[in-house]
Amino acid sequence: MDHPRLTEYLKRAMPQAEDLRVVALQRISGGSSRETYAFDLEWSEGGAPRTRPLIGRRDPTGGLLKTDREREFRVLEAMHRAGLRVPEPLHLELDPAVMDRPFFIMHRASGRTSGGAFPETEPAALRDKIAHQFLDELARLQALDYRALGLELLGEPKNLGDVARTQTAHWREIYDRDRMGEHYPILDAAFAWLGANPVVADRVVVVHGDYRSGNYLYDDDGMLAMLDWEMTHLGDPMEDLGWASMMFWGRGEFAAGLMEREAFYRLYEEKTGRPIDRKRLFFYQVLGNAKMATICLTGVCDFAEGRTADAQMPFLEQLLAPLCDDLALQLKLI
């Protein structure tokens, strides 16, 4: 993001602000599907000095995901209105002339995150507290009335049987597009199995799409904010639970690095008041592994074809081995 243009944009977006300054603008790591920038905003209003920590999220030239900025911003607005733990979204700009590519500005929440599973070096009491908060938040998300929040824009499934088929077709299409002619027999087998074994949802809920450890901020007092809502859609509640409890995002038998997997499932049932359908859960864990492998292939493809210069992208191919190992075990291919 360009400092002068960002300053001028915020002056236009905040006409009441006087002496507005963008301070300490820097690109930060993380959020591989977006360019993410941190900065502080300082201004005066009514004679009183103000300051606010902010994040700018801009479309990259290429990367892991191809998603719609307005859609992501509207989801954040809805989640914030509903009282979920999310950073407050503030400004959306879709005109690429302003900053080369669409972007939005949101509040910068405090706290720290992890690269994947919750760190085993953290205190056990904090891990247990966050496990409860993580599933509390998931239960709240799945209990939302998406129509009341205006989230029909996410695309309502035609029927409960269409939910799994739609997600399978979506990720299969991306896999076929981005594998660059390479053959991945285990991924081919996984998508064939998913296509032949669709499950039927019991209801349609808001699905975060990337609900896992590594995508929330926390501090010594617990979970602060859930991040990365760009894959949000309407679907089966087992999808987020299946993704969160994948071996890939965990540590051995600890789902998400938070809690032993069966205890994690029991706690989910306690929080939601609903039993887990193990057949649907398994389906979405298989889909999750195939989906994550496809996301990695998209990053590699975009780097190879010059749509991104992000040096992390080629190394994503190294993640295919553990994902395919999990799929082979799930589908009894070895």
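This section describes the fold, cores, cysteines and selected residues of a predicted model.

Residues are numbered from 1 along each chain as its sequence is written, and side-chain values use heavy atoms, with hydrogens and water left out. Local features need pLDDT of at least 70 and side-chain atom pairs count only at pLDDT 80 or more, while totals for chains, interfaces and linings use all residues.

The protein chain holds 10 helices and 11 strands. These elements are DSSP runs numbered from the N terminus (helices: H or I, at least four residues; strands: E, at least two). The radius of gyration is 20 Å, close to the 20 Å that the globule rule gives for 334 residues, so the chain is as compact as a globular protein of that length. That radius is taken over C-alpha atoms, and the rule is 2.2 Å times the number of residues to the power 0.38. Along the principal axes, the C-alpha atoms fill a box of roughly 65 × 45 × 45 Å. Of the 334 residues, 53% count as buried. Buried means under 20% relative accessible area, exposed over 50%, and partly exposed in between (1.4 Å probe, protein chains only). Among contacts with a separation of 6 or more, 69% join residues 24 or more positions apart. A contact here means heavy atoms within 4.5 Å.

In soluble globular proteins, nonpolar side chains tend to be buried together. The largest nonpolar core of this model has 81 residues. Helix α9 (residues 278–304) gives the most to this core, with 12 residues. A nonpolar core is a set of buried Ala, Val, Leu, Ile, Met, Phe, Trp, Tyr and Cys residues joined through side-chain atoms within 4.5 Å. Those with the most contacts inside the largest core are M79, F134, L151, Y216, W229 and L258. Beyond four places in sequence, F134 touches Y211, R212, S213, Y216, M223, A244, L258 and F264. Another core lies apart, with 17 residues, among them L10, L54, V98 and I105.

H91 sits in strand β4 (residues 89–93). Its relative accessibility is 17%, so H91 counts as buried. Leaving out residues up to four places away in sequence, H91 touches Y9, L10, A13, M14, F73, F103, F104 and I105.

Helix α8 (residues 261–272) has 12 residues. Its first and last C-alpha atoms are 17 Å apart, close to the 16 Å expected at 1.5 Å a residue. At the start of α8, a side-chain oxygen of E260 comes within 3.1 Å of the backbone nitrogen of E262. The buried residues of α8 are R261, A263, F264, Y265, L267 and Y268. They pack against α4 (124–143), α7 (237–244), β10 (254–255), β11 (259–260) and α9. Just after the helix, G273 takes a positive phi of about 75 degrees.

G214 lies in the loop between β6 (205–207) and β7 (216–219). It counts as buried because its relative accessibility is 14%. Apart from neighbours within four places in sequence, G214 contacts T113, S114 and G116. G214 and K11 are 203 residues apart in sequence and 34 Å apart in space, C-alpha to C-alpha.

A search of the whole structure finds zero disulfides, a disulfide being a pair of cysteine sulfur atoms within 2.5 Å. The sulfur of C296 is 9.8 Å from the closest cysteine sulfur, in C324, too far for a bond. For C301, the closest cysteine sulfur is in C296, at 13 Å, again too far for a bond. C296 is buried at 1% relative accessibility, and C301 is buried with a relative accessible area of 1%.

Note on methods:
Expected span 1.5 Å × (residues − 1). Polar contact = N/O pair within 3.5 Å; in protein donor to acceptor, adjacent residues only side chain to side chain.
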